[in-house]
Amino acid sequence: MRADLHVHSSASDGTDPPAEVMRRAARAGLDVVALTDHDTVAGHAEARAAAGPVTLLPGIELSGRLDGRSLHLLAYLFDPDQPELAAELARIRDDRVLRARAMVDKLAGLGVDISWEQVAAIAGQAVVGRPHLARAMAASGAIASPREAFTRDWIADGGRAYVGRYALDPARAIGLVRAAGGVAVLAHPRAGRDTWVTDEQITRLAAAGLAGTEVFHPDQPAAERARLLALAHDLDLVPTGGSDDHGSLTGHRLGGETTSAEAYRDLLSRVPDCGIKGR
């Protein structure tokens, strides 16, 4: 069984519509795909209708902040209509717009000729994120490709045009997900210096109810995977894997990293009343 538990669509900052993500998943020979768009579940209905032979694991990537650093959680099989969680998601999405507008202003001050209207047009109905800004920057000629925007010169964390935004305390986010009947997994904790999560912090999150940690991710080196795998064993966390595919922005790498069948079944076993029976 092949399960990719970290995938994005055009409902947030991926380039492919949810239905195309599911078609690509089938072509890649995947059995399970988790659609985990940033702070939204808007793509789930379309993905489910196009799932075909692939099992859709409904999910989301939640924005968090811990000890001054960005931290993301992958949440699965929760009720998106749970009132407190739904209110927090709406607040996060609203603040994303305010932040993007502020970053456009900062970029203009740095000589980048883009407008909010251009960024909004690229985002369309999606939850706006930095990749939409990056695509506008590339279209303006300020940079050669969207990837070049994610440096300290531009819009990476701490960059010249970076603006912070509202994000959840991770322990509270875990509690909200659990209260909504789901499970939370720490996303890419060792993918880079701006998103680095220490062993001590992961231990604290495990005590708060974290179900797993993403071990197999394209941006996590082999040595850190080994350390995370050992830590997951010690803390009884499920070691998951996912491609973090964003379509053409990440080179269409869907299925490039996966979760083992054993870990997938373990994750489902931690969800109350889970209706999905792993393939």
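Q: How far does the backbone nitrogen of Gly247 lie from a polar atom of the side chain of Asp245?
A: The distance is 3.2 Å. This is a predicted model, in which local features need pLDDT of at least 70 and side-chain atom pairs count only at pLDDT 80 or more, while totals for chains, interfaces and linings use all residues. Residues are numbered from 1 along each chain as its sequence is written, and side-chain values use heavy atoms, with hydrogens and water left out.

Q: Where does Asp245 lie, and is Asp245 buried or exposed?
A: Asp245 lies in the loop between strand 7 (238-241) and helix 9 (261-269); helices (H or I, at least four residues) and strands (E, at least two) are DSSP runs, numbered from the N terminus. Asp245 is buried, with a relative accessible area of 0%. Buried means under 20% relative accessible area, exposed over 50%, and partly exposed in between (1.4 Å probe, protein chains only).

Q: Which residues does Asp245 touch, leaving out those up to four places away in sequence?
A: They are His6, Val7, His8, Arg24, Thr250, His252, Arg253 and Leu254. Contact means heavy atoms within 4.5 Å.

Q: Turning to charges, how many salt bridges does the structure hold?
A: The structure holds 15, a salt bridge being a side-chain nitrogen of Lys or Arg within 4 Å of a carboxyl oxygen of Asp or Glu. One of the pairs is Asp39 and Arg96, at 2.9 Å from N to O.

Q: What does the pair of Asp39 and Arg96 tie together?
A: Asp39 lies in the loop between strand 2 (32-35) and helix 2 (44-49) and Arg96 in helix 3, so the pair ties together parts that are 57 residues apart in sequence. Asp39 is buried at 0% relative accessible area, and Arg96 is buried at 5%.

Q: Which residues are linked with Arg190 in a network of salt bridges?
A: Asp199, Glu224 and Arg227 are linked with Arg190 in that network. The side chains of Asp199 and Arg190 meet at 2.5 Å, N to O. Asp199 is partly exposed, at 41%, whereas Arg190 counts as buried, at 4%.

Q: And the largest nonpolar core: how many residues has it?
A: The core has 28 residues, and those with the most contacts inside it include Leu62, Leu71 and Phe78. A nonpolar core is a set of buried Ala, Val, Leu, Ile, Met, Phe, Trp, Tyr and Cys residues joined through side-chain atoms within 4.5 Å.

Q: Which element gives the largest share of this core?
A: Helix 6 does, with four residues.

Terms used: A polar contact is a pair of N or O atoms within 3.5 Å; within protein, one must be able to donate a hydrogen and the other to accept it, and residues adjacent in sequence count only if both atoms are side-chain atoms.
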